[in-house]
Amino acid sequence: MTQIYARIVGTGSALPERVLTNADLEKFVDTSDEWIRERTGIRQRHVAAEGETTGDLSTLAAQRALDAAGVKASELDLIVLGTTTPDIIFPSTACLVQHRLGANGCAAFDVNAACSGFVYALGVADKFIRSGQSKKVLVIGAETLTRMVRWEERETCVLFGDGAGAVVLEASSEPGIYATCLHADGGYKELLWNPVGVSVGFKDDEPNHGVRIRMAGREVFKVAVKTLDSLVEETLKAAGMEASQLDWLIPHQANLRIIEATAKRLNMPMEQVIVTVDKHANTSAGSVPLALDFAVRSGKVKRGQNLLLEAFGGGFTWASALLRY
Ligand code: UT7
């Protein structure tokens, strides 16, 4: 039997129009452009306008990916959307996007794996295609993370931004996704979380009903670097490849220092690493597909090249995909 692979046939992305630079932040929070750039590599982030939602950005990114692929929404048989900032509690943002695209009838669901959301969604979609269940799948990673940010908290507000990215996958006898690795350890939940919600309740005596990101930055940093080191090793092994066969590393865009550490581990020069954290900041599930679309549209990533995608985030969750573009 011929092996079925999931191939990326189109990419797209969308960013809110409003740009907030480090200099803008300096005006209302006790921080500096220098601190933000040196510690994180971030220079600016995009911020959703009032009323602009994760679903809006997702729909735009998805339409661009469908156009690039030459695939009609009505041909899709599955939509998987990674997000931790859905428009509403239910229906899922995937369902909202499905209807707006005109893909009514296909399976559609969200995956909440925080910053690893897109790579998790890609792993799920890959399994649907490999099993023969689906032929054309839309995978989206999207966030309006600034809705969970308190602008007076300098430890977190400088780090995050909003945006969405999408890919269309098609079943093919040509590779394709070679391997995906998905992991989680809920024991680390308190290092990066937003611990309010429908079931535990909201905090009505706090601003925004207690909805805000809490992160122990230094601890997250240490675990992220160590975990990503072993994740990239595991992924290469799963795909039966050497690091020297990789053309590009497309990492989660949280912190330039974490990205540099992973590249070093793989012996890859920074010229082979896609970096967008300077322009987008950390867009959680949006970050990897935004970086991928940027890499494709700028002509850096070319057909036939091997790409290693990886992400790490709240949960903790961590995930990777090694694929031929
Ligand atoms: O996407 C999910 C995964 N998330 C991540 O991967 C994030 C991982 N963590 C990080 O990227 C880094 O830990 C941060 C960028 C969040 C922080 O960098 P750091 O080098 O770990 O700094 P720190 O938290 O140890 O803070 C150093 C100092 C502190 O002051 P003292 O205690 O040394 O006097 C902070 O109060 O920097 C201070 N500080 C700031 N100063 C200016 C913290 N935030 C700011 C700020 N502006 N925005």
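**Around the ligand**

Author: The ligand takes up the space of the second largest pocket. A pocket here is an open set of points on a 1 Å grid over the protein atoms alone, with protein on both sides within 12 Å along at least five of seven lines, and a molecule sits in one if more than half of its atoms lie within 2 Å of its grid points. Keep in mind that this is a predicted model, where local features need pLDDT of at least 70 and side-chain atom pairs pLDDT 80 or more, while totals for chains, interfaces and linings use all residues. Residues are numbered from 1 along each chain as its sequence is written, and side-chain values use heavy atoms, without hydrogens and water.

So who's in the shell? There are 24 residues around the ligand, and Thr31, Arg39, Arg218, Asn255 and Asn282 are the closest; being near takes a heavy atom within 4 Å. By type, 11 are nonpolar, seven polar and six charged, with Gly counted as polar.

Domain 1 (5-174) and domain 2 (179-324) both contribute to this shell, so the ligand lies between them; the bounds come from an automatic or database assignment. At least two shell residues each come from α2 (33-40), α6 (154-157), α7 (217-239), α8 (256-265) and β12 (306-313). The largest share, four residues, belongs to α7. Helices (H or I, at least four residues) and strands (E, at least two) are DSSP runs.

Now the polar contacts, meaning pairs of N or O atoms within 3.5 Å. Thr31 puts a polar side-chain atom 2.6 Å from a ligand nitrogen. The side chain of Asn255 has an N or O atom 2.7 Å from a ligand oxygen, and for the side chain of Trp35 the distance from an N or O atom to a ligand oxygen is 3.1 Å. On its own the ligand has 960 Å² of accessible area, and the protein covers 76% of that (Shrake-Rupley, 1.4 Å probe).

Against that, Phe90 and Pro91 are joined by a cis peptide bond, omega about 0 degrees, and Pro91 sits in the loop between β4 (78-82) and α4 (93-101). Another cis bond links Gly315 to Phe316, with omega about -15 degrees; Phe316 is in the loop between β12 and β13 (317-324). Finally, Ala114 has a positive phi, near 50 degrees, in the loop between β5 (107-111) and α5 (117-130).

Notes
A polar contact is a pair of N or O atoms within 3.5 Å; within protein, one must be able to donate a hydrogen and the other to accept it, and residues adjacent in sequence count only if both atoms are side-chain atoms. On a 1 Å grid over the protein atoms alone, a cavity is a set of points where a 1.4 Å probe fits but cannot get out, and a pocket is an open set with protein on both sides within 12 Å along at least five of seven lines; lining residues have an atom within 4 Å of a point.
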